[in-house]
Amino acid sequence: MRDPFFDNAKLLAMVLVVVGHAWQPLKDSQVVWAGYLFIYTFHMPVFILLSGYFSRSFGHRPDQLRRLVTGVALPYVVFETLYTLYGNAVDDRSNDLSLLSPWYLTWFLIALFVWRLTAPLWRVMRWWAALGLAVAAAFAGAANDLGPVLNLDRVLQLLPFFVIGLLLRPEHWELLRARRVRIAAVPVLACGAATAYWAHGRMTTEWAVRSRSWAELNVSWPVGAAMTLGLLVCSLLLAAAFLAWVPRRRTWYTALGAGTLYAYLLHGLVIRTAAWEGWYEQAAWHTPAGAAAVTALGLALALGLSSAPVRRVLRPVVEPRLEWAFRGGPAESAERGYRPPGSRRSASACGSNSPRASSQ
């Protein structure tokens, strides 16, 4: 049975992802810039924590590897190709088609592929060793310019959130239900928003995006190390504060949480088209009312692309079964003690939120 909390969390975090991308061309406003920095500090860490949590049972079983290929690797190939070719056609970008250099939002799929493959390693380590090594990897990713291959700088910088997700247990999520935690979450979120507003003109939002090295951000290693550590702590605090206020009960939008992968992969086509076609150049969008309208449109886009009709139409592309490409059928799978890939369909890059499918 699906836990509505996790579906609610995925849907609300996805709304922030879509709105954040929609805000990007409007960052000439200090309020929008601050909002962008604020949500970028924690919205992807939330997704990655959930991805780690639902990767706890991943152990390279054949059914798990099939699901990793069909649910993560293949959509990456399809959408990396689609975004590259579409950008070249609409914006004359002349980008080379390279599956080794993720572009725009496809980085998350290749990152999830790498993280999930390493999940068994982190699980056999003591928690303090796993967390320490992941944080060291994050510092290495931030300290060095690793180039565009597989977006390794971002993969490493965000690795600690995946490892923390792997280390979480159901009782840890229960802590967020405590009244005192929810009360404490309010000033944490308020302080984060105020700090983001104050930071305008003092730092770049690239810190929260985590796609640049310290040298590229023009800071010395002591400043870079302090910023990396501080950002990690802030992201965890804001993610916990956000999750503390996610409803535990079923809501009108809970079912949409099963379609967040669709919203993630598809919304970029709409937003990039708007940017490439010059729609954002209209002065009306660069006003408080215009920014509010863009926010509302981003919300509607996230909800619409997560809907059941979209999932039904695009499931063969986003979640292909490809049973013909793998050896062994359902009977053989059952004899060997694992579920066939077609027995459970996950509709999110974060995986299913049902306990029996947490290995996907």
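This is a predicted model: local features need pLDDT of at least 70, side-chain atom pairs count only at pLDDT 80 or more; totals for chains, interfaces and linings use all residues.
Student: Let's begin with salt bridges. What can side chains of opposite charge do when their charged atoms come close?

Tutor: They can pair. Now look at the case here. Arg-61 and Asp-63 meet in a salt bridge through their side chains, with 3.0 Å from N to O.

Student: Is Arg-61 buried or exposed, or in between?

Tutor: Arg-61 has 28% relative accessibility, so it counts as partly exposed. Buried means under 20%, and exposed means over 50%. Asp-63 is at 6%, so Asp-63 counts as buried.

Student: How many salt bridges are there by this rule?

Tutor: The count comes to six. Take Glu-319 and Arg-67 next. Their side chains meet in a salt bridge at 3.1 Å, N to O.

Student: Which parts of the chain does the pair of Glu-319 and Arg-67 link?

Tutor: Distant ones. Glu-319 is in the loop between helix H14 (308–318) and helix H15 (330–335). Arg-67 is in helix H3.

Student: What is the N to O distance for Glu-174 and Arg-177?

Tutor: It is 2.9 Å, and their side chains form a salt bridge. Glu-174 has a relative accessible area of 45%, so Glu-174 is partly exposed. Arg-177, at 40%, is partly exposed too. Elsewhere, salt bridges that share partners join Arg-2, Asp-7 and Lys-10 into one network.

Student: On to helices. How do I read the crossing of H2 and H7?

Tutor: Start with the axes and their angle. Helix H2 covers residues 30–53, and helix H7 covers residues 159–167. Their axes come within 6 Å. They cross at roughly 45°.

Student: Why are H2 and H7 called oblique to each other?

Tutor: Use the cut-offs. Angles under 35 degrees count as roughly parallel, and 65 to 115 as roughly perpendicular. The crossing angle of H2 and H7 is roughly 45°, so the two are oblique to each other. H2 passes H7 in a right-handed crossing.

Student: At what angle do H1 and H13 cross?

Tutor: Roughly 135°. Helix H1 spans residues 4–23, and helix H13 spans residues 288–305. Their axes come within 8 Å. That angle makes H1 oblique to H13. Roughly antiparallel would need an angle over 145 degrees. The crossing of H1 and H13 is right-handed.

Student: Now the backbone. Which residue has a positive phi of about 65° although it is not a glycine?

Tutor: His-60. Find His-60 in the loop between H2 and H3. His-60 has a relative accessible area of 38%, so it is partly exposed. Tyr-104 also deserves a look. Phi of Tyr-104 is near 60°, a positive value in a residue other than glycine. Tyr-104 lies in the loop between H3 and H4.

Student: What about the surface? Which residues form a nonpolar patch there?

Tutor: Val-77, Leu-85, Leu-97 and Leu-99. Together they have about 320 Å² of accessible area. Zoom in on Leu-97. Leu-97 sits in the loop between helix H3 (62–91) and helix H4 (107–124). With a relative accessible area of 48%, Leu-97 is partly exposed.

Student: Last topic: sequence and space. How far apart are Phe-113 and Leu-68 in each?

Tutor: In sequence, 45 residues. In space, 7.0 Å from C-alpha to C-alpha. Phe-113 is in helix H4. Phe-113 is partly exposed, with a relative accessible area of 22%.

Student: Where is Ser-57 found?

Tutor: In the loop between H2 and H3. Ser-57 is partly exposed, at a relative accessible area of 37%. Compare the chain with space again. Ser-57 and Arg-123 are 66 residues apart along the chain, and 9.0 Å separates their C-alpha atoms.

Student: Is Gly-52 buried or exposed?

Tutor: Gly-52 has 0% relative accessibility, so it counts as buried. Gly-52 belongs to helix H2.

Key. Residues are numbered from 1 along each chain as its sequence is written. Side-chain values use heavy atoms; hydrogens and water are left out. Patches are made of residues with over 30% relative accessible area and no salt bridge: like charges are joined within 9 Å, nonpolar side chains (Val, Leu, Ile, Met, Phe, Trp, Tyr) within 5 Å. Accessible areas come from the Shrake-Rupley method with a 1.4 Å probe; for residues, only the protein chains shown count as cover. A salt bridge is a side-chain nitrogen of Lys or Arg within 4 Å of a carboxyl oxygen of Asp or Glu. Helices (H or I, at least four residues) and strands (E, at least two) are DSSP runs, numbered from the N terminus. Buried means under 20% relative accessible area, exposed over 50%, partly exposed in between (1.4 Å probe, protein chains only). Axes are lines fitted to C-alpha atoms, for helices over the stretch in contact, and angles run from 0 to 180 degrees between N-to-C directions. A crossing is left-handed if the near helix is turned anticlockwise from the far one by less than a right angle, and right-handed if clockwise.
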